[in-house]
Amino acid sequence: MKFSNVRLLVKDFATCFKFYTEQLGLEPAWGNENSGYASFKVADGIEGFALFVSDWMAPSVGNTDKELPVGFRDKSLVGFRVENMDDTYSALKAKGVKFINEPTDMAGWGMRVVHLRDPEDNLIELFTPLAPEQCSEELIEESKKYE
């Protein structure tokens, strides 16, 4: 198996498409705000993120009778690595993006992170790796197991 993408199944495709392109600045590799499916470039030659109309997927997996979840704890997160957390945060905030929190160093995770939600309440994390000396001792020790 080879990983292809993470695809968010959304109700209001056009609004979500505009959010990811106009607000977050992702470049579509395929599709537009009216296509019902769109994939986005996430790195050179990699389309690892996509949107698809939820009602179009439901028949193929047999759940047309079910509602989209609302009011539950998040079960997934879409994470994007950014070059500079503070610059990205400022630029997106200037575009009107609403954040859940402010950029925070998470020494135990080895990242500087900030969180936001898309128009359909999907949780998004933007992160920049911390320098090794900024990471917790526990994370550094745990990381040695995987070197």
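Residues are numbered from 1 along each chain as its sequence is written, and side-chain values use heavy atoms, leaving out hydrogens and water. Because the model is predicted, local features need pLDDT of at least 70 and side-chain atom pairs count only at pLDDT 80 or more, while totals for chains, interfaces and linings use all residues.

**View 1. Lys-18 and Glu-33 meet in a salt bridge.** A salt bridge here is a side-chain nitrogen of Lys or Arg within 4 Å of a carboxyl oxygen of Asp or Glu, and the rule gives a count of 8. For this pair, the N to O distance is 3.4 Å. The two partners come from distant parts of the chain, 15 residues apart: Lys-18 sits in helix α1 (residues 13-23), and Glu-33 in the loop between β2 (27-30) and β3 (37-41). Helices (H or I, at least four residues) and strands (E, at least two) are DSSP runs, numbered from the N terminus. Lys-18 is partly exposed at 33% relative accessibility, and Glu-33 is partly exposed at 30%. Buried means under 20% relative accessible area, exposed over 50%, and partly exposed in between (1.4 Å probe, protein chains only).

**View 2. Lys-145 pairs with Glu-142 in a salt bridge.** Their closest N and O atoms are 3.1 Å apart. Lys-145 is exposed, at 59% relative accessible area, whereas Glu-142 is partly exposed, at 34%.

**View 3. Asp-74, Arg-117 and Asp-121 form one network, joined by salt bridges that share partners.** Within this group, the side chains of Asp-121 and Arg-117 meet at 3.5 Å, N to O. Asp-121 is partly exposed at 49% relative accessibility, and Arg-117 is partly exposed at 28%.
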